[in-house]
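Hello,

Please look through it first; my notes on what was found follow below.

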Amino acid sequence: MLEVSKLSFSYNAGRADEVPALHTLDLQIDSGELLAVIGHNGSGKSTLAKLLVGMLQPTEGQIVVDGLPSTPSSIWEIRRRVGMVFQRPDDQLIANTVIDDIAFGPENLGLPRDEIEQRVREAVEALDLGGRINTQISDLSGGEKQRVAIAGVLAMRPNYMIWDEPTTMIAPQQARNLIALAHELRERTGVSIIHITHFMHEIVAFDRVVVMDGGRKVMEGTPREIFAEADALRAIGLNVPLVTELGRRLERRGIISAGTLIRNAELVEALRPKAAALPASEPRPEPREEAVPAAEQAEPLIKVRDLRFSYMAGTPLEQLALDGIDCEVYEGETLAILGGSQAGKSTLVEFFNGLRRAGKGHVWYRGRDVGESGFDLSQLRREVGIVFQQPESQLLEDIVGKDVSYVPRKKKLPPAESRALVERALTDVGLDYETYRLRYIYALSGGQKRRVALAGVLAADPKVLILDEPVAGLDPRGRSELADLIRKLSQRSGLTVVLVGNTIDELSELADRALVLHKGKVVRQGSLRQLLRHADDLHALGLALSEAAELALDLRTIFPNLPLDLLDLDELETALLAQGLAV
Amino acid sequence: MAIEFSRNITFGQYLNLGSPIDRLDPRSKIISTWLLIFAALLVNSYLGMGLLALCILLILLVARIPLGYTWRGMRLLLIAAGVFFVFQVLFHPNPAPETTWWRWGYISLSLDGLAFAGLMFLRVVLLYLLISTLMFTTSMMDLADGVEIMFDPLKRIGLPINELVMVMVIVLKFVPLLVGEIERLLKAQAARGSSIDSGSLKERAQSLGAILVPIFINALQRAEVVATAMEARCYRGGKGRTKRRVLRFGRNDAIAMLIVLLFVAAILVLRFS
């Protein structure tokens, strides 16, 4: 048993700039238990994780791991018993190949060679890495890297494993596999897993959930008990899974009475008798594909024809990224470019603003060929602003005001005009100009840095704004704030917006039109609703669906006429009621 | 110009081509490389240089390294060595008068100068090829294990060999990540309209200078995270650490070493006879 009693921790304890992070926390974790710790950024989750593995020492209180109190002199044994998987796969893999990295921990423990071999073999098998053992770490996908990291910890045979938000930086499909893996590992090895996350849908199958807020444990119980308290969760900015909410609504209407539902399958079961009682109806004809929106007949702002590109071209490491892309971006529209990993999305948008020109094929901006000699690239790049993945690590200056005014200064605008642009950009992203102008960027939180990065692009007054996977690493609150911001911008100034992503979520739902990329080709095109009508093949293309679309797909097994082109809970509820459900 | 440095930086990249050379014991590769470097430094005739070049060409062929790839990585070096070559020809001290075609003060153009500078040029190119071939064909862990075992005796006099090797491994592992980071920052800069691929030379230099601070800070933050991750996996230096991998000196190693020794011996005989 891992016992935490009256645990408090402050950064810089005892100094004037003391920052309390945890307050008298009590927690017991049984061996073999799957525990989820959920809470917002800044709720103290990661601090707790660091204390459990002995990377921080408590200010007050005690941690006892299977009878061994955690003290500075016992930390190596504590770290053997409690392993940790970090958020970014790149930062925790030490060796160059998969097998060498998995062996790193056991080697540090000073085990004999055949024991190391044995443990490495077990870990490789448990994580299904058999075919990849001699692969270079740099050739793995994010999800595979995360699996190698877990294998490396598992090979040390820990009793407890802490997963510190391992799903935020990897593709949704891979994240889902990782959660399934937690259960499999527990069955196989009896290890206890403490999964830290801010995504509710990941934790429905966990044994117990601890909810943290402001450094305190505010709730504790099974997922069902926790999700039953939807209002209390909402008060601290957390949501329940969509199926729970839909179940509540249907229960309030008196259609079902099944208590708190946490899995899609449970709702399907609860509704099955109702569905069976409905008179068999004619299969509904698929709706006629509506005509293309009017904007598409106009001359496109950006036009791409037969674009081909490979990374490391002409070397043994060559990798095809774009394989004959044709597409357009129209003025004033919001376009989503969707696809799984390695689909070529990020590469494509770098062609939109001339960051890449080395490919075959053509890109036109306002009717002019970008590849032509004499084309003004600087001008293009200011008009087509791009916010890269994890923009917070790409800030160029040390002070907020300086970074945001980067482009106005480069353009040598008069100070008053420059100031107005910076002020508007900061206000747009929700940061007060006077408060933040002189702040040091390093001292800001991750979410604030991301806003600064966005403001830096907005201050250039772009005509097109490209956001590359803007929600990666953001918690649910951050995601919906970003969606609101983009909606506001595109409505106010008629800004053309290009959103790159791997999920049909609240952000891609803002799009008038979507492209789906797969292996460097455009494989689907149309409005989001048109795409959702074939939701089942979006999975095969490596896309993750929104909770609403996922649930609609599951409910269709009992309501064959249920439409799939549903964007949110309200639409799903209406569509479900329209199937003829009665009390 | 597109911003893709990694494509042109070939040095230090392990290619994992699965050739017989890849599978050799790293110790025999390291020793052979040292022997050939030694030979390259001693060689003073075109015949000897030809032998050395032949040996290296042989290694490149057996290792199946694409020549185009090697060539791409060498272009910068060739330019530098070319400039050096011209200086050495022009400023050759005491050229023999009968083969001097033109002379003006210290500057001359002579057969002696050409011959001497040519040898120097070939030596630089061959040294570069040798070391990059070792990197192309040897994974970082192999290299580290080889170095650690070869320097093992130095542990007795208290040198922290394991720690030094670990530092080397991590530095080399993070070089590509750092290059990636520089690329990303340059792109971020270019996306904001100032860039290394357009504008005057002064503007380009300024752009490059401006990213040094963010690069440095990112690297420091990353180093801290990596150190934490290593400690979380109980790394506390070489003491009490064991190894999964064993190095084996096999038949192929013996053959390879023999061939290299023959070449080196031939070069030495040529040099000192």
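**First sheet of chain A**

In chain A, A:Glu3 has A:Val64 of E4(A) as its bridge partner. Before going on, note that this is a predicted model, in which local features need pLDDT of at least 70 and side-chain atom pairs count only at pLDDT 80 or more, while totals for chains, interfaces and linings use all residues. Residues are numbered from 1 along each chain as its sequence is written, chains are lettered from A and ligands numbered from 1 in the order in which they are written, and side-chain values use heavy atoms, with hydrogens and water left out.

Two strands count as paired if DSSP finds at least two bridges between them.

Strand E1 of chain A (residues 2-11) also pairs with E2(A), antiparallel, over 7 bridges. Two of the facing positions can be named: A:Ser10 is opposite A:Pro20 in E2(A), and A:Tyr11 is opposite A:Val19 in E2(A).

Together, 4 strands of chain A make an open antiparallel sheet in the order E2-E1-E4-E5. Strand E2 (19-29) and strand E5 (68-69) of chain A are at the edges with a single partner strand each, so one side of each has no neighbour in the sheet. As background, strands of a sheet pair through backbone hydrogen bonds, either parallel or antiparallel.

Strand E11 (residues 302-311) of chain A runs antiparallel to E12(A), and 8 bridges join the two. In that pairing, A:Val304 has A:Cys327 of E12(A) as its bridge partner.

Chain A is assigned domain 1 (2-235), domain 2 (242-286 + 548-577) and domain 3 (333-358 + 372-526); such bounds come from an automatic or database domain assignment. Between the C-alpha centres of domain 2 and domain 3 of chain A the distance is 37 Å.

**Chain B**

Chain B has 10 helices and 2 strands, and from the N terminus on its elements run α-α-α-α-β-β-α-α-α-α-α-α. The C-alpha trace of chain B spans about 70 × 60 × 40 Å along its principal axes. Chain B is divided into domain 1 (1-139 + 250-273) and domain 2 (161-237), and the C-alpha centres of these two domains of chain B lie 30 Å apart.

**Where the chains meet**

How many residues does each chain bring to the contact? Chain B gives 60 residues and chain A gives 66, with contact taken as heavy atoms within 4.5 Å. The two chains bury about 5,600 Å² between them, 55% of it on carbon and sulfur atoms; buried area is the accessible area (1.4 Å probe) that two parts lose on being put together, summed over both. B:Arg192, B:Arg233 and B:Arg244 supply 19% of the area that chain B buries against chain A, more than any other three residues.

The interface of chain B and chain A holds 8 salt bridges (a side-chain nitrogen of Lys or Arg within 4 Å of a carboxyl oxygen of Asp or Glu). One of the salt bridges joins the side chains of A:Arg79 and B:Glu231 at 3.5 Å, N to O. On the side of chain B that touches chain A, the elements that give two or more residues are H1 (5-8), H4 (67-90), H6 (140-150), H7 (161-191) and H9 (212-232) of chain B. H7(B) gives the most, with 13 residues.

Regards
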